[in-house]
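Please report on the protein shown below.

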Amino acid sequence: MLDTISKEMDVANSTQRNSAQIEMRMGLPHYDSENEHEDEIPINCSNADIKDYESKSAVNRELGDVMETWTIERFKSRIWRSICIVIMQNKLNLLLPFGPAAAILAHSWEEKRGWIFFFSLLGITPLAERLGFATEQLAFFTGPTVGGLLNATFGNATEMIISIYALQNGMIRVVQQSLLGSILSNMLLVLGCAFLMGGIVHHKKEQSFNKAAAVVNSGLLLMAVMGLLFPAVLHFTHTERHFGRSELALSRFSSCIMLVAYAFYLVFQLKSHKNLYDPIDETERQSEGVSDVEEVPEITHREAILWLAILTAWISFLSGYLVNAIEGASDSWNMPVAFISVILLPLVGNAAEHASAIMFAMKDKLDISLGVAIGSSTQISMFVIPFCVVVGWIMGKRMDLNFQLFETASLFITVLVVAFMLQEGTSNYFKGLMLVLCYLIVAASFFVHVDPESENGNIMNSLGI
């Protein structure tokens with residue numbers, strides 16, 4: 001019994017000492033009861049001793065109230081600071097009210113599909129950019145492997161969310177065309193603008209980047225083209241062994257192979273051959289005595305996780321309105337669904353990549369710009385597209401890798417053009433201008449392109465079949 005009492009007293013004394021240390025670190029006064037015997041009221045005590053004890057107890061209670069108030073105020077200030085950093089400091093967030101406006105329009109004037117789509121598009125744009133910001137902040141607190149997985153997951157989260165919503169609604173062509181448009185936008189528009197702006201700022205020299213890493217990414221993109229090309233060729237040559245089933249089975253098998261290849265690519269990039277992806281200008285900067293200011297996180301890792309959850313939920317909410325209004329917007333704007341899916345939707349999803357790539361190129365950090373633009377294209381082609389095929393498989397949807405002949409040819413030519421641009425390991429403003437002009441040609445082509453599947457559907461509807 002005595003041993004139990006002594007152990008409990010030791011635990012109580014240890015707790016008091018820890019509380020005193022915490023109070024001292026926080027700059028608050030504390031009451032050390034180890035050196036004071038007034039905390040214990042003796043059996044034979046006078047009225048003065050009792051009053052003294054009660055006064056000290058009141059002081060302790062006041063100190064407890066001060067600590068509680070100080071903790072609450074500190075918590076409130078941290079929340080306000082986080083909101084200011086994520087919401088207030090970015091001018092693009094002025095577009096945030098368009099999100100609720102789209103929801104109000106969808107419930108009040110459902111026939112205004114064009115405006116619902118337009119407002120949803122504007123409302124998602126700053127959310128996609130802030131999602132990239134929160135991912136970058138969380139990457140400060142993780143290792144390179146976890147950081148790579150985070151970039152793979154959240155870097156293209158907007159495209160994945162829109163694609164899953166479209167899959168649920170059976171809009172497989174929208175899924176295929178929006179993901180294809182993300183690849184084309186990253187490889188031509190984002191990379192082209194980065195080369196163009198970097199070349200203009202640093203016009204007195206030719207910028208360089210790591211050619212070996214670019215070759216690896218180009219090889220992966222060509223593998224993705226192979227995965228998309230064979231189902232399309234199988235379909236258009238009518239050489240399927242089992243009509244309607246062989247094409248789908250080949251797509252699902254190829255998707256699993258591509259996911260395995262992407263997993264090994266992450267191991268290759270983040271573990272076994274990390275030095276292959278080191279920026280080539282680090283030694284030059286050190287020899288020239290140029291030192292970049294070390295970047296520090298602006299928010300804590302818990303705040304970053306919370307913001308990721310909030311932004312992902314809000315994007316998911318708006319994506320439902322966006323997907324449901326695509327066909328209505330096509331009719332009201334007299335614009336092909338293919339153009340909306342390939343050109344307009346990727347501009348929203350690639351808002352974060354576009355801004356980051358240009359910013360790093362202007363700072364003469366082309367390796368990072370290349371990682372953002374080409375790396376994102378690799379993620380979509382080798383991870384997001386096969387992932388959507390697997391998700392469609394689980395949902396019972398016929399999502400395959402047959403992106404139709406026109407779309408597959410556009411991707412093949414784009415990969416070839418970009419591979420030729422990257423083979424020298426250097427860039428200038430003229431290369432960037434050529435890539436941007438190529439994107440304008442692609443955009444014009446999809447504006448006059450009629451999707452054969454949607455055309456067949458319209459004919460069937462007009463015939464009442």
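In which helix of the protein chain is confidence lowest, and in which is it highest? This is a predicted model, and its pLDDT values give the answer. Confidence is lowest in helix α1, residues 2–25, with a mean of 46. It is highest in helix α17, residues 429–447, at 92. Across the protein chain the average pLDDT is 76. A score of at least 70 is reached by 74% of the residues.

The table sets them side by side.

| Stretch | pLDDT | Contacts in the model |
|---|---|---|
| Residues 18–43 | below 50 | 29 contacts beyond near neighbours in sequence |

Where pLDDT is low, the predicted coordinates should not be read in detail.

**The whole chain**

The protein chain has 465 residues, and 44% of them count as buried. Its secondary structure comes to 18 helices and two strands.

**Helix α3**

Helix α3 spans residues 98–108. Which of its residues are buried? They are Gly99, Ala102, Ala103, Leu105 and Ala106. Seen down the axis of α3, these buried residues fall within an arc of 160 degrees, so they line one face of the helix. An α-helix has 3.6 residues a turn, so residues three or four places apart point the same way. Ile104 and His107 lie on the other side of α3, and they are exposed. What covers the buried face? The cover over the buried residues of α3 includes α4, residues 113–139, and α11, residues 301–324.

**Ala373 in helix α15**

Ala373 sits in helix α15, which runs over residues 366–395. Is Ala373 buried or exposed? Its relative accessibility is 0%, so Ala373 counts as buried; the cut-off for buried is under 20%. Which residues does Ala373 touch, leaving out those up to four places away in sequence? They are Asn186, Val190 and Leu191. Val190 is 183 residues from Ala373 in sequence. In space, the two are 6.1 Å apart, C-alpha to C-alpha.

Conventions: Residues numbered from 1 in each chain as written. Predicted model: local features only at pLDDT ≥ 70, side-chain atom pairs only at ≥ 80, totals over all residues. Heavy atoms only, no water. Helix = DSSP H or I, 4+ residues; strand = E, 2+ residues; numbered from the N terminus. Buried < 20%, exposed > 50% of the residue type's maximum accessible area, 1.4 Å probe, protein only. Arc of directions from axis to C-beta. Contact = heavy atoms within 4.5 Å. pLDDT = per-residue confidence, 0-100.
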